[in-house]
Amino acid sequence: MKFGKSLVTVNTTAHEQFKTLLPSWLTSRQAPDIVTWFAGYRMQNFAKRGLLEPINDVFPGGSFEVEFPQSFKGASSYDGTVYFMPQSWYWWAVYYNKAVFNRLGLSIPETWDEFLAVCEVLKRNGVSPIAMGAKETWTVGGWFDYMNSAVNGGDFHQQLTMGEIPYTDPRVRKTFEYLIDLSQRGYFQPNATSYAWQEAATLLFKGDAGMYLMGQFVFDVAPADLKGDIDFFRFPTVNSKAYAVDTPTDGFMIPKNAKNKDAAKKFMAFLATAEAQRMFCEPLGRLAANTLVPPLNAEAAKGLEMVKDASFAMQFYDRDAPEEMAAKGMNAIIDALQNPARLDEILAALEADRVRIYAE
(Lines give C-alpha, C1' and ligand atoms only; values in the text may rest on other atoms or scores of the structure.)
Protein backbone atom coordinates (compact mmCIF):
# COMPACT_ATOMS: atom_id res chain seq x y z
CA MET A 1 0.00 0.00 0.00
CA LYS A 2 1.39 3.40 -0.99
CA PHE A 3 1.14 6.22 1.54
CA GLY A 4 2.73 9.42 0.28
CA LYS A 5 6.30 8.46 -0.60
CA SER A 6 6.33 5.57 1.85
CA LEU A 7 5.30 1.95 1.48
CA VAL A 8 2.97 0.53 4.14
CA THR A 9 3.12 -3.22 4.62
CA VAL A 10 -0.06 -4.82 5.91
CA ASN A 11 0.28 -8.13 7.75
CA THR A 12 -2.90 -10.12 8.35
CA THR A 13 -3.17 -12.73 11.11
CA ALA A 14 -6.08 -15.04 11.93
CA HIS A 15 -8.29 -13.53 14.63
CA GLU A 16 -7.69 -15.98 17.49
CA GLN A 17 -3.98 -16.22 16.72
CA PHE A 18 -3.77 -12.42 16.67
CA LYS A 19 -5.29 -12.17 20.15
CA THR A 20 -2.69 -14.63 21.45
CA LEU A 21 0.28 -12.94 19.76
CA LEU A 22 -0.55 -9.29 20.43
CA PRO A 23 0.77 -9.14 24.03
CA SER A 24 4.14 -10.54 22.94
CA TRP A 25 4.30 -8.11 20.02
CA LEU A 26 3.70 -5.15 22.31
CA THR A 27 6.51 -6.13 24.67
CA SER A 28 8.93 -6.98 21.85
CA ARG A 29 11.76 -4.68 20.75
CA GLN A 30 10.57 -5.46 17.23
CA ALA A 31 7.01 -4.30 17.76
CA PRO A 32 4.89 -3.47 14.70
CA ASP A 33 4.43 0.24 14.02
CA ILE A 34 0.63 0.04 14.16
CA VAL A 35 -1.70 -2.71 15.40
CA THR A 36 -5.45 -3.10 15.23
CA TRP A 37 -7.44 -3.87 18.37
CA PHE A 38 -10.56 -3.16 20.46
CA ALA A 39 -11.42 0.00 22.38
CA GLY A 40 -12.23 -0.07 26.09
CA TYR A 41 -10.58 -2.30 28.70
CA ARG A 42 -8.83 -4.42 26.09
CA MET A 43 -6.84 -1.34 25.02
CA GLN A 44 -6.69 0.32 28.44
CA ASN A 45 -5.02 -2.70 30.02
CA PHE A 46 -2.11 -2.31 27.59
CA ALA A 47 -1.96 1.46 28.14
CA LYS A 48 -1.89 0.97 31.91
CA ARG A 49 1.20 -1.23 31.48
CA GLY A 50 2.96 1.48 29.45
CA LEU A 51 2.90 -0.51 26.20
CA LEU A 52 1.17 2.09 23.99
CA GLU A 53 2.14 5.43 22.49
CA PRO A 54 -0.13 8.45 23.15
CA ILE A 55 -1.87 9.69 19.99
CA ASN A 56 -3.72 12.82 21.16
CA ASP A 57 -2.10 14.80 18.32
CA VAL A 58 -3.06 12.61 15.32
CA PHE A 59 -6.73 13.58 15.01
CA PRO A 60 -8.13 15.91 12.32
CA GLY A 61 -8.62 19.45 13.56
CA GLY A 62 -6.14 18.97 16.38
CA SER A 63 -8.30 17.09 18.89
CA PHE A 64 -10.40 13.94 19.21
CA GLU A 65 -13.71 15.75 19.56
CA VAL A 66 -13.53 17.70 16.28
CA GLU A 67 -14.53 14.76 14.06
CA PHE A 68 -15.17 11.88 16.51
CA PRO A 69 -18.07 11.41 18.98
CA GLN A 70 -17.28 12.78 22.42
CA SER A 71 -18.85 9.64 23.92
CA PHE A 72 -16.13 7.52 22.26
CA LYS A 73 -13.30 9.34 24.01
CA GLY A 74 -13.52 7.47 27.31
CA ALA A 75 -13.17 4.08 25.63
CA SER A 76 -10.27 5.40 23.51
CA SER A 77 -8.32 6.80 26.47
CA TYR A 78 -6.54 5.81 29.63
CA ASP A 79 -5.92 8.23 32.49
CA GLY A 80 -6.93 11.18 30.30
CA THR A 81 -4.63 10.34 27.37
CA VAL A 82 -5.87 8.99 24.02
CA TYR A 83 -4.14 5.79 22.91
CA PHE A 84 -6.71 4.41 20.46
CA MET A 85 -7.96 5.66 17.10
CA PRO A 86 -11.50 4.33 16.54
CA GLN A 87 -12.28 3.26 12.99
CA SER A 88 -15.54 1.31 12.77
CA TRP A 89 -18.38 0.46 15.14
CA TYR A 90 -22.01 -0.60 15.58
CA TRP A 91 -24.59 0.10 18.28
CA TRP A 92 -26.87 -1.80 20.64
CA ALA A 93 -30.41 -0.57 21.22
CA VAL A 94 -33.91 -1.74 22.12
CA TYR A 95 -35.41 -3.07 18.89
CA TYR A 96 -39.19 -3.19 18.78
CA ASN A 97 -42.02 -4.40 16.56
CA LYS A 98 -43.79 -1.32 15.21
CA ALA A 99 -46.87 -3.26 14.13
CA VAL A 100 -47.38 -4.55 17.68
CA PHE A 101 -46.80 -1.10 19.20
CA ASN A 102 -49.24 0.49 16.75
CA ARG A 103 -51.90 -2.17 17.35
CA LEU A 104 -51.73 -1.61 21.11
CA GLY A 105 -51.35 2.17 20.91
CA LEU A 106 -47.93 2.15 22.56
CA SER A 107 -45.46 5.04 22.50
CA ILE A 108 -41.68 4.82 22.65
CA PRO A 109 -40.67 4.78 26.34
CA GLU A 110 -37.98 7.23 27.40
CA THR A 111 -37.92 6.62 31.15
CA TRP A 112 -37.84 3.40 33.17
CA ASP A 113 -41.39 3.90 34.47
CA GLU A 114 -42.62 4.34 30.90
CA PHE A 115 -40.71 1.21 29.88
CA LEU A 116 -42.37 -0.83 32.65
CA ALA A 117 -45.78 0.49 31.59
CA VAL A 118 -45.16 -0.64 27.99
CA CYS A 119 -44.08 -4.06 29.25
CA GLU A 120 -47.28 -4.39 31.28
CA VAL A 121 -49.54 -3.56 28.32
CA LEU A 122 -47.71 -6.07 26.14
CA LYS A 123 -48.00 -8.78 28.80
CA ARG A 124 -51.73 -8.13 29.34
CA ASN A 125 -52.29 -8.56 25.60
CA GLY A 126 -50.52 -11.91 25.35
CA VAL A 127 -47.24 -10.60 23.91
CA SER A 128 -43.93 -11.35 25.61
CA PRO A 129 -42.68 -7.86 26.48
CA ILE A 130 -38.98 -8.65 26.04
CA ALA A 131 -37.31 -11.32 23.91
CA MET A 132 -34.07 -12.70 25.31
CA GLY A 133 -31.88 -15.33 23.67
CA ALA A 134 -29.79 -16.34 26.68
CA LYS A 135 -28.65 -19.72 25.41
CA GLU A 136 -25.44 -17.86 24.55
CA THR A 137 -24.66 -15.96 27.74
CA TRP A 138 -23.12 -12.97 25.94
CA THR A 139 -26.59 -11.67 25.15
CA VAL A 140 -27.19 -10.73 28.79
CA GLY A 141 -23.98 -8.68 28.78
CA GLY A 142 -25.85 -5.91 26.99
CA TRP A 143 -28.51 -5.90 29.70
CA PHE A 144 -25.86 -5.51 32.38
CA ASP A 145 -24.10 -2.70 30.51
CA TYR A 146 -27.24 -0.70 29.93
CA MET A 147 -28.87 -1.37 33.30
CA ASN A 148 -25.76 -0.60 35.35
CA SER A 149 -24.97 2.60 33.45
CA ALA A 150 -28.61 3.71 33.65
CA VAL A 151 -28.77 3.09 37.41
CA ASN A 152 -25.25 4.21 38.39
CA GLY A 153 -23.83 6.18 35.44
CA GLY A 154 -21.32 5.42 32.71
CA ASP A 155 -18.29 6.37 34.81
CA PHE A 156 -19.33 3.96 37.54
CA HIS A 157 -19.81 1.19 35.00
CA GLN A 158 -16.34 1.80 33.59
CA GLN A 159 -14.79 1.74 37.06
CA LEU A 160 -16.53 -1.55 37.76
CA THR A 161 -15.38 -3.20 34.55
CA MET A 162 -11.85 -1.90 35.18
CA GLY A 163 -11.89 -3.86 38.44
CA GLU A 164 -11.95 -0.82 40.72
CA ILE A 165 -15.33 -1.45 42.41
CA PRO A 166 -16.41 -4.60 44.31
CA TYR A 167 -19.32 -6.59 42.94
CA THR A 168 -20.67 -6.61 46.49
CA ASP A 169 -21.09 -2.83 46.33
CA PRO A 170 -24.76 -1.97 47.08
CA ARG A 171 -24.95 -0.05 43.80
CA VAL A 172 -24.09 -3.18 41.82
CA ARG A 173 -26.69 -5.08 43.82
CA LYS A 174 -29.24 -2.45 42.81
CA THR A 175 -28.49 -3.12 39.14
CA PHE A 176 -29.10 -6.82 39.63
CA GLU A 177 -32.32 -6.03 41.49
CA TYR A 178 -33.64 -4.09 38.49
CA LEU A 179 -32.99 -7.07 36.21
CA ILE A 180 -34.50 -9.51 38.70
CA ASP A 181 -37.59 -7.30 38.94
CA LEU A 182 -38.12 -7.55 35.17
CA SER A 183 -37.88 -11.32 35.41
CA GLN A 184 -40.22 -11.63 38.39
CA ARG A 185 -42.80 -9.45 36.65
CA GLY A 186 -42.75 -11.96 33.79
CA TYR A 187 -41.48 -9.46 31.25
CA PHE A 188 -38.78 -11.68 29.74
CA GLN A 189 -40.10 -14.41 27.51
CA PRO A 190 -40.29 -17.83 29.22
CA ASN A 191 -37.35 -20.26 28.97
CA ALA A 192 -34.98 -17.59 27.65
CA THR A 193 -31.94 -19.80 28.25
CA SER A 194 -33.22 -22.31 25.71
CA TYR A 195 -33.26 -19.71 22.89
CA ALA A 196 -30.28 -18.80 20.71
CA TRP A 197 -30.13 -15.10 19.91
CA GLN A 198 -31.46 -15.61 16.36
CA GLU A 199 -34.38 -17.68 17.70
CA ALA A 200 -35.28 -14.91 20.14
CA ALA A 201 -35.07 -12.42 17.27
CA THR A 202 -37.69 -14.47 15.42
CA LEU A 203 -40.10 -13.87 18.30
CA LEU A 204 -39.66 -10.13 17.73
CA PHE A 205 -40.05 -10.38 13.96
CA LYS A 206 -43.27 -12.41 14.25
CA GLY A 207 -44.76 -10.12 16.88
CA ASP A 208 -44.70 -12.78 19.60
CA ALA A 209 -42.40 -10.42 21.55
CA GLY A 210 -42.57 -6.66 21.60
CA MET A 211 -38.95 -5.65 22.28
CA TYR A 212 -35.41 -7.05 22.10
CA LEU A 213 -32.18 -5.52 23.42
CA MET A 214 -29.60 -6.45 20.78
CA GLY A 215 -26.85 -5.22 18.51
CA GLN A 216 -27.48 -3.57 15.15
CA PHE A 217 -26.72 -6.86 13.42
CA VAL A 218 -30.15 -8.17 14.48
CA PHE A 219 -31.61 -6.20 11.58
CA ASP A 220 -29.47 -8.24 9.18
CA VAL A 221 -31.30 -11.47 10.07
CA ALA A 222 -34.81 -10.00 9.78
CA PRO A 223 -36.89 -11.44 6.90
CA ALA A 224 -37.12 -8.95 4.04
CA ASP A 225 -40.92 -8.77 4.26
CA LEU A 226 -40.83 -7.96 7.99
CA LYS A 227 -37.96 -5.45 8.14
CA GLY A 228 -40.38 -2.55 7.76
CA ASP A 229 -41.99 -3.54 11.06
CA ILE A 230 -38.75 -3.34 13.04
CA ASP A 231 -37.24 -0.16 14.49
CA PHE A 232 -35.22 0.75 17.59
CA PHE A 233 -34.98 3.24 20.45
CA ARG A 234 -32.32 4.00 23.04
CA PHE A 235 -32.35 2.26 26.41
CA PRO A 236 -34.63 4.15 28.83
CA THR A 237 -33.16 6.42 31.48
CA VAL A 238 -33.46 5.65 35.19
CA ASN A 239 -31.90 8.36 37.36
CA SER A 240 -31.11 11.16 34.92
CA LYS A 241 -31.61 12.32 31.35
CA ALA A 242 -28.06 11.29 30.46
CA TYR A 243 -27.63 7.89 28.88
CA ALA A 244 -24.85 5.58 27.79
CA VAL A 245 -24.69 3.35 24.71
CA ASP A 246 -23.00 0.09 23.81
CA THR A 247 -20.84 0.72 20.74
CA PRO A 248 -18.32 -2.12 20.17
CA THR A 249 -15.51 -0.32 18.34
CA ASP A 250 -12.47 -1.50 16.40
CA GLY A 251 -9.47 0.65 15.56
CA PHE A 252 -5.70 1.14 15.81
CA MET A 253 -2.92 1.64 18.36
CA ILE A 254 0.80 2.44 18.17
CA PRO A 255 3.03 0.21 20.32
CA LYS A 256 5.40 2.06 22.64
CA ASN A 257 8.27 0.04 21.16
CA ALA A 258 7.40 0.87 17.54
CA LYS A 259 10.55 1.56 15.50
CA ASN A 260 9.00 4.16 13.19
CA LYS A 261 6.82 6.25 15.49
CA ASP A 262 6.87 9.42 13.40
CA ALA A 263 5.78 7.55 10.29
CA ALA A 264 3.26 5.57 12.33
CA LYS A 265 1.67 8.78 13.64
CA LYS A 266 1.48 10.24 10.13
CA PHE A 267 -0.23 7.11 8.88
CA MET A 268 -2.51 7.08 11.94
CA ALA A 269 -3.48 10.67 11.15
CA PHE A 270 -4.43 9.53 7.66
CA LEU A 271 -6.46 6.59 9.05
CA ALA A 272 -8.40 9.08 11.19
CA THR A 273 -9.57 11.14 8.20
CA ALA A 274 -13.04 10.89 6.77
CA GLU A 275 -11.53 9.85 3.43
CA ALA A 276 -9.66 6.87 4.85
CA GLN A 277 -12.52 5.76 7.11
CA ARG A 278 -14.98 5.95 4.23
CA MET A 279 -12.73 3.79 2.04
CA PHE A 280 -12.61 1.12 4.73
CA CYS A 281 -16.18 1.14 6.03
CA GLU A 282 -18.37 1.53 2.96
CA PRO A 283 -17.35 -1.72 1.18
CA LEU A 284 -17.89 -3.66 4.44
CA GLY A 285 -21.14 -1.95 5.40
CA ARG A 286 -19.61 -0.69 8.65
CA LEU A 287 -20.24 2.60 10.44
CA ALA A 288 -17.22 4.90 10.44
CA ALA A 289 -16.13 6.48 13.73
CA ASN A 290 -15.35 9.77 11.97
CA THR A 291 -18.62 11.70 12.10
CA LEU A 292 -17.99 13.36 8.71
CA VAL A 293 -18.50 10.02 6.96
CA PRO A 294 -22.20 9.96 6.04
CA PRO A 295 -24.27 7.00 7.28
CA LEU A 296 -25.08 4.35 4.68
CA ASN A 297 -28.85 4.39 5.29
CA ALA A 298 -31.61 5.87 7.47
CA GLU A 299 -31.14 3.23 10.16
CA ALA A 300 -27.43 4.06 10.43
CA ALA A 301 -28.22 7.80 10.53
CA LYS A 302 -30.57 7.24 13.45
CA GLY A 303 -27.98 5.10 15.23
CA LEU A 304 -25.34 7.76 14.75
CA GLU A 305 -27.55 10.48 16.22
CA MET A 306 -28.30 8.26 19.22
CA VAL A 307 -24.60 7.80 19.85
CA LYS A 308 -23.68 11.45 19.27
CA ASP A 309 -26.18 12.49 21.97
CA ALA A 310 -24.95 9.89 24.49
CA SER A 311 -22.89 10.90 27.51
CA PHE A 312 -20.82 7.72 27.53
CA ALA A 313 -19.99 4.87 25.16
CA MET A 314 -19.38 1.33 26.41
CA GLN A 315 -17.64 -1.37 24.44
CA PHE A 316 -19.73 -4.29 25.73
CA TYR A 317 -19.10 -6.24 28.91
CA ASP A 318 -16.70 -8.79 27.37
CA ARG A 319 -14.56 -5.98 25.90
CA ASP A 320 -14.69 -3.59 28.85
CA ALA A 321 -13.73 -6.31 31.34
CA PRO A 322 -11.25 -9.22 31.12
CA GLU A 323 -12.82 -12.10 29.19
CA GLU A 324 -12.93 -14.41 32.20
CA MET A 325 -14.48 -11.73 34.40
CA ALA A 326 -17.15 -11.00 31.80
CA ALA A 327 -17.90 -14.71 31.42
CA LYS A 328 -18.29 -15.07 35.20
CA GLY A 329 -20.46 -11.96 35.29
CA MET A 330 -22.80 -13.04 32.51
CA ASN A 331 -23.26 -16.46 34.10
CA ALA A 332 -24.00 -14.69 37.40
CA ILE A 333 -26.72 -12.56 35.77
CA ILE A 334 -28.51 -15.65 34.46
CA ASP A 335 -28.08 -17.37 37.83
CA ALA A 336 -29.56 -14.35 39.61
CA LEU A 337 -32.56 -14.22 37.28
CA GLN A 338 -33.23 -17.90 37.92
CA ASN A 339 -32.37 -17.89 41.64
CA PRO A 340 -33.02 -14.39 43.02
CA ALA A 341 -32.97 -15.57 46.64
CA ARG A 342 -29.28 -16.40 46.17
CA LEU A 343 -28.33 -12.91 44.99
CA ASP A 344 -25.98 -12.09 47.87
CA GLU A 345 -24.23 -15.45 47.50
CA ILE A 346 -23.91 -14.93 43.74
CA LEU A 347 -22.43 -11.46 44.17
CA ALA A 348 -20.00 -12.68 46.85
CA ALA A 349 -18.72 -15.36 44.48
CA LEU A 350 -18.44 -12.78 41.71
CA GLU A 351 -16.43 -10.52 44.00
CA ALA A 352 -14.03 -13.36 44.79
CA ASP A 353 -13.57 -13.83 41.05
CA ARG A 354 -12.91 -10.09 40.63
CA VAL A 355 -10.18 -10.08 43.28
CA ARG A 356 -8.46 -13.10 41.73
CA ILE A 357 -8.79 -12.13 38.05
CA TYR A 358 -7.63 -8.52 38.33
CA ALA A 359 -4.69 -9.56 40.49
CA GLU A 360 -3.37 -11.86 37.75
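**Second largest cavity.** I began with the second largest cavity, which holds about 70 Å³ of space. By cavity I mean a set of points on a 1 Å grid over the protein atoms alone where a 1.4 Å probe fits but cannot get out, and lining residues have an atom within 4 Å of a point. Volume here is the space filled by probe spheres set on the points, with grid points joined across faces, edges and corners. The model is predicted, so I note that local features need pLDDT of at least 70 and side-chain atom pairs pLDDT 80 or more, while totals for chains, interfaces and linings use all residues. Residues are numbered from 1 along each chain as its sequence is written, and side-chain values use heavy atoms, leaving out hydrogens and water.

I looked up the lining of this cavity and found, among others, Y146, S149, F235, N239 and Y243. Helix α5 (residues 139-152) gives the most to it, with 3 residues; helices (H or I, at least four residues) and strands (E, at least two) are DSSP runs numbered from the N terminus. I sorted the lining into 8 nonpolar, 4 polar and no charged residues. For this, Ala, Val, Leu, Ile, Met, Phe, Trp, Tyr, Cys and Pro count as nonpolar, Asp, Glu, Lys and Arg as charged, and the others, Gly among them, as polar.

**Largest cavity.** I then turned to the largest cavity, with a volume of about 90 Å³. W89, C281, E282 and R286 are among its lining residues. Both α10 (274-284) and β13 (287-288) supply at least two residues of that lining. I noted 9 nonpolar, no polar and 2 charged residues there.

**Second largest pocket.** Next I checked a pocket, meaning an open set of points with protein on both sides within 12 Å along at least five of seven lines. The second largest pocket has a volume of about 310 Å³, and W37, Y41, R42 and E323 are among the residues that line it. I found that α2 gives the largest share of this lining, 4 residues. By class, I noted 6 nonpolar, 1 polar and 4 charged residues.

**Nonpolar core.** Which residues touch the most other members of the largest nonpolar core? I found W143 and M211, in a core of 106 residues. Such a core is a set of buried Ala, Val, Leu, Ile, Met, Phe, Trp, Tyr and Cys residues joined through side-chain atoms within 4.5 Å, where buried means under 20% relative accessible area (1.4 Å probe, protein chains only). Helix α13 (residues 323-338) provides the largest share of this core, 8 residues.

Technical notes. Buried means under 20% relative accessible area, exposed over 50%, partly exposed in between (1.4 Å probe, protein chains only).
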